[in-house]
Amino acid sequence: QNKIVRFKNIVFMYVIENKDEKNTTLSDFVIYKKDGDKAWEKGASFPTSRPGNILIDSKGILHTFVFEPLNVLKNDSWGKLKHYWFTDAYLGDITNYKEETVVDNNGTAETVNIRIGTAIGEDDTMAIGFGLTKFNPLYNGHSEHLYFKKPSDTKWQHLVAGQNLGHDYYYPFVWVGQNSFLLLPVQDDFADDGNPQTYDNIYQKIAYFEYKDSLWRQDLIIDHTKHPLASTRNRIVEQEDLFVENNGTIHILYKENTDPNDRFLTHHVHLSKKLGEEKWQEEKLNLPTIINCVRLFEVDNTLYFFANSWDSQYLARLNSQKLVKLPISGAIGIYPYVATKRGGTKDSPFIDILLLAADSETFKKETNFNYYLRIHKDDLAKLTSF
């Protein structure tokens with residue numbers, strides 16, 4: 001869930017470069033940097049079959065986490081998790097790197113999922129979360145996992161957040177605190193309805209895993225398995241963000257696509273609580289149903305969010321939810337990523353946002369592009385002052 005980070009005056013991102021749309025073709029995970037107002041520069045690339053994550057630590061070392069398939073011609077979702085790090089990234093060097101294998105694979109079972117989430121804490125503890133199917137013989141049923149270490153450590157530590165979960169829970173949002181971790185994955189079971197034209201992944205549940213005082217706690221954030229649309233619609237809930245304020249308040253955003261007449265109309269829900277508390281405070285965000293995605297960020301102890309529809313982008317304060325449309329044209333069908341406060345925004349005057357093209361049909365028409373958006377923090381008060 002981290003695709004853009006900043007260290008002082010340098011912004012780093014990555015893209016996946018594909019030669020074609022076939023899942024039997026190896027892709028490239030490619031690092032880019034932007035130093036101040038200079039043009040983007042291309043750096044090292046790594047073989048992969050899926051998007052990954054990047055993190056930046058307090059010394060300006062760039063860390064990349066890449067899924068590398070064992071044999072993409074045979075199976076593009078069985079492989080190992082690689083960690084590459086650029087020790088001189090703070091100097092602008094994105095060519096020279098070191099590497100290690102975080103989770104290996106000998107080809108007999110899936111040991112790491114293609115869909116990982118990462119985070120880094122204030123003390124530079126890096127964490128990686130992912131789910132495994134019930135077919136892995138090392139664990140009981142569907143399971144959720146977390147690997148963590150500091151950059152100076154030689155070995156990754158492994159925690160099992162849950163077993164016998166009853167579903168595949170993938171795409172986890174991850175957070176690292178003081179001897180604590182949070183995971184927020186979504187149910188991602190595959191259910192083939194026999195129609196080759198339909199997308200068969202089912203999103204009906206969102207799970208929450210909280211690690212504190214050496215114990216894991218689980219919450220089912222939303223369960224729509226009994227919703228009237230559950231048997232006919234492949235995606236009715238999806239997590240949007242997991243964010244922890246400076247004051248320790250945990251925020252979860254998720255969206256529901258439960259309009260019976262239009263699967264694209266979206267409702268957004270906001271949950272909040274303190275670490276260790278059991279009860280969530282819940283509210284539905286008063287946003288237009290055309291808003292596709294919402295991402296949180298914090299500036300001067302005030303929570304803001306970036307939101308987008310199919311063809312427009314907005315900013316707002318969370319407590320007002322009054323959208324300010326940004327003067328951006330051409331960015332359609334995008335998926336936004338905001339650099340976290342640990343990823344450089346804490347000591348930077350800017351908010352960095354990556355707008356990734358996410359619609360295959362517009363790709364074919366050559367009308368879909370990726371964008372980088374930089375907003376000065378001083379402008380936030382002007383834009384959202386009402």
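**Exercise 1.** Which loop holds Asn-136, and is its residue buried or exposed?

*Solution.* Start with the strands on either side: Asn-136 sits in the loop between β10 (126–132) and β11 (143–149). Strands here are DSSP runs of E, at least two residues long, numbered from the N terminus. Next, check accessibility: Asn-136 has 4% relative accessibility, so it counts as buried (buried is under 20% relative accessible area, exposed over 50%, with a 1.4 Å probe and protein chains only). Last, look at its partners. Leaving aside neighbours within four places in sequence, Asn-136 is in contact with Glu-110 and Thr-111 (contact means heavy atoms within 4.5 Å). Its side chain reaches the backbone oxygen of Glu-110 at 2.4 Å.

A quick note before going on: this is a predicted model, where local features need pLDDT of at least 70 and side-chain atom pairs count only at pLDDT 80 or more, while totals for chains, interfaces and linings use all residues. Residues are numbered from 1 along each chain as its sequence is written, and side-chain values use heavy atoms, leaving out hydrogens and water.

**Exercise 2.** Work out the strand order of the open three-strand sheet.

*Solution.* Take the edges, β27 (334–338) and β29 (371–376), each of which pairs on one side only. The order is β27-β28-β29, with antiparallel pairing (two strands pair if DSSP finds at least two bridges between them). Now zoom in: β27 and β28 (residues 350–357) share five bridges, and Tyr-337 stands opposite Leu-354 in β28.

Key. Helices (H or I, at least four residues) and strands (E, at least two) are DSSP runs, numbered from the N terminus. A polar contact is a pair of N or O atoms within 3.5 Å; within protein, one must be able to donate a hydrogen and the other to accept it, and residues adjacent in sequence count only if both atoms are side-chain atoms.
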